[in-house]
Amino acid sequence: MTISDNPPWQSVYDELGIEAPPTDDRTLGSWVEEHGQLLAGNTALQSFDREISYRELDEMSNQLANALVSLGVSKGDVVGLHMPNIPQYPIALVARSKIGCIGSGVSPLLTPGEVVHQIEDAGISTLISLDALANPVLKGLPKVPACLENVIVAGAADCNAPTEVEIPDLAGLNCSSYWSVVDKASIAFKARPADWDDTWMILYTGGTTGAPKGAEISVRNTMYNMCQTSAYAPWQVGKEVLATAFPMFHVAGLGITASALRHGARILLIPDPRDIEFFCRQMTRFPPTRLAAVPSLYQMLLENPLFGDIDFSNLEVAITGAAPLTGADRERIEKAIGANKLSDLFGMTETGPVHVANPHKRSKEGSIGIPVPGADTRIVDLETGTEEMPFGEPGEIVTSGPHVMKGYRNLPDESAR
């Protein structure tokens, strides 16, 4: 399957100046390393009142990288991230990127049995978990996976000061507190080079078509998809504020968080998406230039009176996805944030995730948009999957390109299919 030289949406590309971006396979760790020098004083993570600068993020990730290496973690090993949106999550994302090991987001919503399945299927050797999750979930594991060697338990406020955390007693495992492993670790660590085809993350699908499958996302899948989506709404490096409650263990939250870090943005960390008042207060204090939420969360925001106090004058784009946004809700949101700012996105865990988007400056109501540049995306017949359907006819959306995963973990037949 090749990208057409003159796709039907080329006129929109021409109108908005959209072009397929060149590949850039620098890792997230190398970007943060650079920002730690050039954007040293800029805030990277806004966690309640705590501002973590890019210099601090670089140094904190270096400390964790050194700590992980001392525990025996090396390139190709898998580190599980079992946390909500707290500072340790992006710190760990950057740290394992610098080492060259693989990450796997473990949802805080999983049962102990489901956690065992993911640890075993992904081959997780080190698990970083929030104390509020580690004890009820890990203590309840039906068995200790043979591949698991280390458990690091973080306190939510560890980046402010060391906190007392309860360490689970798991037979045969090295269990430590986050603070104890990073406290005396060096703040110096040189990000290691990675190949474009190295697995960057193993992310699990929701299992709507059977048991959850681990999608192996490469360095290029992630780094190129950032360029594809930013072709519709370019980032201003070092000047952006991202507000989102998308969880980082999910591909949507991971993708937009990584993109924000790549572009030196301030990220407002929202640990609990149901705490609408806190979300609104943070946006009032730090007016966003980028906003991302699902339609149901937009509805909850609109119903909160604090949402009307937020300054959206510098908001460039408001992303929505995962479900249709109705015309009535769209009107209400645009009345609050301004016209020509909403952008509908469509994608999957397997596709980086975004391969179709509604350009916010050329949005078409009732549509999920057009393919992002560099994504060959078509609608084909359901019977053979080979015949491209004419306009107005239903079919199946298919895509190929640099944004598409390497395959499913341990499932070669599913990958081939």
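Helices (H or I, at least four residues) and strands (E, at least two) are DSSP runs, numbered from the N terminus. This is a predicted model, in which local features need pLDDT of at least 70, side-chain atom pairs count only at pLDDT 80 or more, and totals for chains, interfaces and linings use all residues. Residues are numbered from 1 along each chain as its sequence is written, and side-chain values use heavy atoms, with hydrogens and water left out.

- Strand 10 (residues 241–244) pairs in the parallel sense with strand 11 (residues 266–268) over 3 bridges, and Leu242 stands opposite Ile267 in strand 11.
- Strand 10 also runs parallel to strand 12, to which 3 bridges join it, and here Ala243 stands opposite Leu291.
- Strand 12 is in turn joined by 4 bridges to strand 13 (residues 317–320), again in a parallel run, with Thr320 of strand 13 as the bridge partner of Ala293.
- From strand 12 (residues 290–293), Arg290 and Ala292 point one way while Leu291 and Ala293 point the other way, and all are buried, where buried means under 20% relative accessible area, exposed over 50%, and partly exposed in between (1.4 Å probe, protein chains only).
- Strand 14 (residues 342–347) and strand 15 (residues 354–357) run antiparallel and are joined by 3 bridges, and the bridge partner of Phe346 in strand 15 is Val356.
- The hairpin of strand 14 and strand 15 has 6 residues between the strands, and in this hairpin Gly352 takes a positive phi near 95 degrees.
- Strand 15 pairs with strand 16 in the antiparallel sense over 2 bridges, and Pro371 in strand 16 is the bridge partner of Val356.

**Helix 4**

- Helix 4 (residues 88–99) has 12 residues and reaches 16 Å from its first C-alpha to its last, close to the 16 Å expected at 1.5 Å a residue, the expected span being 1.5 Å times one less than the number of residues.
- This helix is mostly covered, since 12 of its 12 residues are buried, and among them are Arg96 and Lys98 as well as Ile91 and Leu93.
- Helix 4 is followed by Gly100, whose phi is positive, near 95 degrees.

**Cys159**

- Cys159 has its place in the loop between strand 6 (150–154) and strand 7 (174–177), and it counts as buried because its relative accessibility is 11%.
- Contact means heavy atoms within 4.5 Å, and Cys159 touches Arg50, Ile52, Met60, Pro87, Gln88 and Ile91, not counting residues up to four places away in sequence.
- Cys159 and Ala323 are 164 residues apart in sequence and 35 Å apart in space, C-alpha to C-alpha.

**Cavities and a pocket**

- On a 1 Å grid over the protein atoms alone, a cavity is a set of points where a 1.4 Å probe fits but cannot get out, a pocket is an open set with protein on both sides within 12 Å along at least five of seven lines, and lining residues have an atom within 4 Å of a point.
- Grid points are joined across faces, edges and corners, and a volume is the space filled by probe spheres set on the points; by this rule there are 2 cavities of 30 Å³ or more.
- The largest cavity holds about 40 Å³ of space, and helix 9 gives the most to its lining, with 3 residues.
- Residues that line the largest cavity include Trp200, Val251 and Gly352.
- The lining of the largest cavity has 6 nonpolar, 3 polar and no charged residues, where Ala, Val, Leu, Ile, Met, Phe, Trp, Tyr, Cys and Pro count as nonpolar, Asp, Glu, Lys and Arg as charged, and the others, Gly among them, as polar.
- The second largest cavity has about 30 Å³ of space, and its lining includes Asn85, Phe246 and Ile267.
- The second largest pocket has about 790 Å³ of space and is lined by 24 residues, of which Trp9, Gly369, Ile370, Ile379 and Phe391 lie nearest its centre.
- Strand 17 gives the most to the lining of the second largest pocket, with 3 residues, and by class this lining has 13 nonpolar, 6 polar and 5 charged residues.

Methods:
Two strands pair if DSSP finds at least two bridges between them.
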